[in-house]
Amino acid sequence: MNITFGTDPEFMLMQKGKHHSAIGIVQGSIENRISIKGHEFYYDNVLAECAVKPGKNKKQTLKNIKECLGIYSDMVSPFELVAQASQEYPASQLKHPDAKIAGCEPDMCVYEMEMQDPPRSEMKNGRLRTCGGHIHLGSKMLQDDGPAPIRVIQMADLFLGIPSLWIDNDETSPVRRNLYGQAGRYRVKPYGIEYRSLGNFWFKSPKIAEWVYDTCMFIHEFVESGEADKLWDFDIEVLFDGGEQSDAWDCTAYDPNQLKHAIDSSDQSLAEEYYSLARSLMPAPLVEKLNTIIGSKVASLDWQ
């Protein structure tokens, strides 16, 4: 498979147990990014964000992430990059005008097939900030105008979003999922798609990042082979008859609205049946890796 894997994680900066705005510490901005070895570094609101150059295989992807995080850690020293999902920042760190701006453009929800605006009012008037760990997948299949790219997002919720409720032990993650990490969020890109529902928890260690990579490759193959068609049906005639795109999709294996609610509300008990379904469909090696990383206590950004 010729698939590229990139990502643009956001991190919080801390020093001596206190959160600090990245504005003024990270010199690059969204409009004027610092580029080093193909990676890009910049602040977004008060967060330290970077764009890891895409990899063409697992070895290259993991190497790119490690290299990028190493450069960034040195760049922000003596502050520390922290993979935390959400945090109420002190007012003293939100005085800069850029600290009140939501830099993100609207994204799509795969279940409603409508554009969703970022929480601009929360950014302007509140002190809560959240970090994402978005996944950028590129391939010929994902550049297609057909249903395949959307089906990959649907499967990403099942195979990544649902298991993340067990992998991610960050106590601040439920707040993020409820505000700005809802299920099914994505953007169409020239190279393919960007899955936007995951937080930054999977950057804590190479083992978790490797599992995320392997699961993305499995999802791509699962869709390309037609196996995903057994879970979701797509009726193009509905579109020809003038219907809404959201009405053309029919999930025959589970209740997608309940799955979405389980992820958005971080409800493990509600997600249990979807978690069992995901594990039953995954290859055994993926399940074994999943079992290994669940519940593991990993230091933030442990890439030594």
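Reader: At what angle do helix H1 and helix H5 pack?

Author: In this predicted model, helix H1 spans residues 58–76 and helix H5 spans residues 206–224. Their axes lie 11 Å apart. The two helices pack at an angle of about 140 degrees.

Reader: Are H1 and H5 parallel or oblique to each other?

Author: An angle over 145 degrees would count as roughly antiparallel. H1 and H5 pack at about 140 degrees. The relation of H1 to H5 is therefore oblique.

Reader: Which residues of H5 make the contact with H1?

Author: The crossing of H1 and H5 is right-handed. On the side of H1, the contact is made by Lys58, Thr61 and Leu62. On the side of H5, it is made by Pro206, Ala209, Glu210, Tyr213 and Asp214.

Reader: How many charged residues has the contact of H1 with H5?

Author: By class, this contact of H1 with H5 has four nonpolar residues and one polar residue. The number of charged residues is three.

Reader: Leaving aside neighbours within four places in sequence, which residues are in contact with Met155?

Author: Once its neighbours within four places in sequence are left aside, the residues in contact with Met155 are Leu160, Ile219, Phe222, Val223, Ala228, Leu231, Trp232 and Tyr254.

Reader: Is the crossing of H7 and H8 left-handed or right-handed?

Author: The axes of H7 (residues 256–264) and H8 (residues 268–281) come within 8 Å and cross at roughly 125 degrees. These helices are therefore oblique to each other. The crossing is left-handed.

Reader: Which residues of H8 meet H7?

Author: H7 takes part through Gln258, Leu259, His261 and Ala262. From H8 come Leu270, Ala271, Glu273 and Tyr274.

Reader: Where is Ser266 found?

Author: Ser266 is not a glycine, yet it has a positive phi of about 55 degrees. Its place is the loop between H7 and H8.

Reader: Does Lys16 count as buried or exposed?

Author: Lys16 is in the loop between strand S2 (10–15) and strand S3 (18–20). Exposed means over 50% relative accessible area. At 81% relative accessibility, Lys16 therefore counts as exposed.

Reader: What is omega for the cis peptide bond that joins Ser77 and Pro78?

Author: Pro78 is in the loop between H1 and strand S7 (80–82). For the cis bond joining Ser77 and Pro78, omega is about 15 degrees.

Definitions and conventions. Residues are numbered from 1 along each chain as its sequence is written. This is a predicted model: local features need pLDDT of at least 70, side-chain atom pairs count only at pLDDT 80 or more; totals for chains, interfaces and linings use all residues. Side-chain values use heavy atoms; hydrogens and water are left out. Axes are lines fitted to C-alpha atoms, for helices over the stretch in contact, and angles run from 0 to 180 degrees between N-to-C directions. Helices (H or I, at least four residues) and strands (E, at least two) are DSSP runs, numbered from the N terminus. Angles under 35 degrees count as roughly parallel, over 145 as roughly antiparallel, 65 to 115 as roughly perpendicular and the rest as oblique. A crossing is left-handed if the near helix is turned anticlockwise from the far one by less than a right angle, and right-handed if clockwise. Contact means heavy atoms within 4.5 Å. Ala, Val, Leu, Ile, Met, Phe, Trp, Tyr, Cys and Pro count as nonpolar, Asp, Glu, Lys and Arg as charged, and the others, Gly among them, as polar. Buried means under 20% relative accessible area, exposed over 50%, partly exposed in between (1.4 Å probe, protein chains only).
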